[in-house]
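Hello,

I am passing a structure on to you, and my notes on its salt bridges follow below. Please have a look at it before reading on.

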Amino acid sequence: MREAPVYFHATGPLVALVGNPNCGKTAIFNRLTGSRQKVANYAGVTVERKEGRLVTPGHKTLRILDLPGTYSLYPRSLDERVTCDVLAGRAVGEKQPDLVVCVVDATNLRRSLRLVLGVQRLGLPCLVALNMSDEARVRGIHIDEAGLANELGLPVVSTVAIQAGGDQALRDLFDQPYIWQPPDLSLELLSEPIGQIQTDHERVQAILRKLNLDHLTPDFKSEKLDRFLLHPVWGPLSLVVLLFLIFQAMFSWAEVPMDLIKDSADWLARILSEFLPDNWMRSLVVDGVVKGAGSVIVFLPQILILFGFILALEESGYLPRAAYLLDRLMGSVGLSGRSFIPLLSSFACAIPGIIATRTIPNARDRTVTMLIAPLMTCSARLPVYALLISAFIPSRKIFGFFELQGLVIFVLYFAGIFGAMGVAWVLKRFTAAGRQIRPLMMELPPYRLPLLRNIVIGLWQRAGLFLRRVGGVIMILTLALWFLASFPGAPEGATGLPIEYSVAGIIGHALAVVLAPIGFNWQISIALIPGLAAREVAISALGTVYALSSTENVAEALGPMISQQWSIPTALSLLAWYVFAPQCLSTIATIRRESGNWKLPVVVLVYLFALAYFASFATYRIASAFW
Amino acid sequence: MPDCARQLGELGFLPGEEIVILRRTMPGSDPLVVRIGVSTFALRKAEAACIDLTADHA
């Protein structure tokens, strides 16, 4: 039986917001709808769909749709295609809007009006919101609203999205019946698109001349800042300093909330184990659900801090400049500067990083970025690194200056980055699509002060998205892995540990044969299986394999134990393994969701395991020659 | 790049507009920072090559 999609449309007229990127469209959307927003995906594509509700002063309930920003109605990226499809009424499961609000950057009419003309030609009821009208006034651009409305044949209203009440005129206009009337299309329709741009361009120029707006007033403040921030020397240097500060903040600020989450999960687990009878149900709830969810949610503070910075940088206009500064570096391995943001996010966690690849217009670049994102050192690796380093790397200074343990962490970070660059380079060198030159064409918008309100709304949405992933896929995986590690139970009179008799134990013993050449014993091999849920779960799994009681601090008790039982080459080999191995099925599941098929996640799984095996093998053999 | 000229047009690189090359941060001037109208764009050299310019020293 085939499932037929059924779509429910909430009642109320649908108003779509359309505009160029960086015109303040999302700020207007936030202003109009506040926190009453629903974030989801458009049917069949991984483009974020934001809808909100607005009650007008005349008590009319409207649904407001924030369409992805676009320069024209000829799409370049997935995002832009959605905008075009929705406006044309072609999008699956979407209603054609009842009214289109063209949000226009009042400081850049020259470009924005061309999009307005394109939208107007679609024949939908349409109005123009002159946003950033305050900034235009400051820069000496005086726009005659009535004159512009007359020239365009559309209602025009001024808005200031960054000011409370700056959307009032727009809200009031929604109550006017005439704006909901379809326009009378007397314009000639041209089918030849290139000619269309040209005639639209000429019409815009004519309108601007007529309204005496035909002079250019560039943003000299941004120009001045760029003189420093895009300077050949100071530019890259300030980027490095900025990234360093962000990482510093990510680790130091997140410490308290992370401990809090960890402690509450432990507390909940303790309380539950006291109240529940000692059987497999208790183990399922305590070890599977509570500890499983806790081990992933614990990264939420870091993700939020990192995203807070990314959103602030995005709002301020710096992010595209960072991408510009990194374009040459990324270009040398066949990517563009646009891959920078997803890769940066992956240092907190690959899952939001992979979700962030949606902003990359080129399909090939997006795929490669998803392919290498898991190689960035996510924070789930850090507990594993910390355990192994404190147990095996002596705490001493070399050259009286560098802390050896810190140096090892640094090397591990760079091993991941160089691994990723290497993979991207190979893909550039040996695939046909990799050798093509791809466009960058990235706007560097004027600098603006980021608005706290927009950052908070953005963070709220990202947190929701991440937790929904945790709630679904990650939960199922954690439970499946708990099941593997718990069943079947140990037979009567067994001498070994229960986990050795479970499915995971049996697989682990078999794996040990395969992993022996890279120096892993059977204990490590078994721990790697529950450790597929999330990287740091391997620590508690090792605790289980070494029969540590779960009440004591596993990481602290484990250190001395493994430093006696493992050789140094084994420890180094395990470190190398954790740089590359896809010990996180949630990441794989996210790649499946975002790429829309199974091919990419399977490729990622296979190539990362292969890379990890190779790296560990080399590490083990080389280290064995010394120790 | 067949689509290049068309895409540049969509962004506002159209006949009669004034272009200013603002910055050559990167060695070899790739990518370039240019201003068209009042918008600033980063363009790779290959893209910028699609644009015909006449010098204006005014």
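Which residue of chain A forms a salt bridge with B:Arg35? The partner is A:Glu223, and the closest N and O atoms of the pair are 4.0 Å apart. This contact crosses between chains, running from strand β2 (residues 32-36) of chain B to helix α8 (residues 220-229) of chain A. Both B:Arg35 and A:Glu223 are buried.

Before the rest, some background. This is a predicted model, in which local features need pLDDT of at least 70 and side-chain atom pairs count only at pLDDT 80 or more, while totals for chains, interfaces and linings use all residues. Residues are numbered from 1 along each chain as its sequence is written, chains are lettered from A and ligands numbered from 1 in the order in which they are written, and side-chain values use heavy atoms, with hydrogens and water left out.

The terms are as follows:
- A salt bridge is a side-chain nitrogen of Lys or Arg within 4 Å of a carboxyl oxygen of Asp or Glu.
- Buried means under 20% relative accessible area, exposed over 50%, and partly exposed in between (1.4 Å probe, protein chains only).
- Helices (H or I, at least four residues) and strands (E, at least two) are DSSP runs, numbered from the N terminus.

Over all chains, the count comes to 21 salt bridges. One of them pairs A:Asp327 with B:Arg44 at 2.9 Å, N to O. A:Asp327 sits in helix α12 (residues 319-331) of chain A and B:Arg44 in the loop between β3 (39-43) and α2 (45-48) of chain B, so this pair joins two chains. Both A:Asp327 and B:Arg44 are buried.

Within chain A, a network of salt bridges links A:Arg49, A:Glu51, A:Arg63 and A:Glu94.

Best wishes
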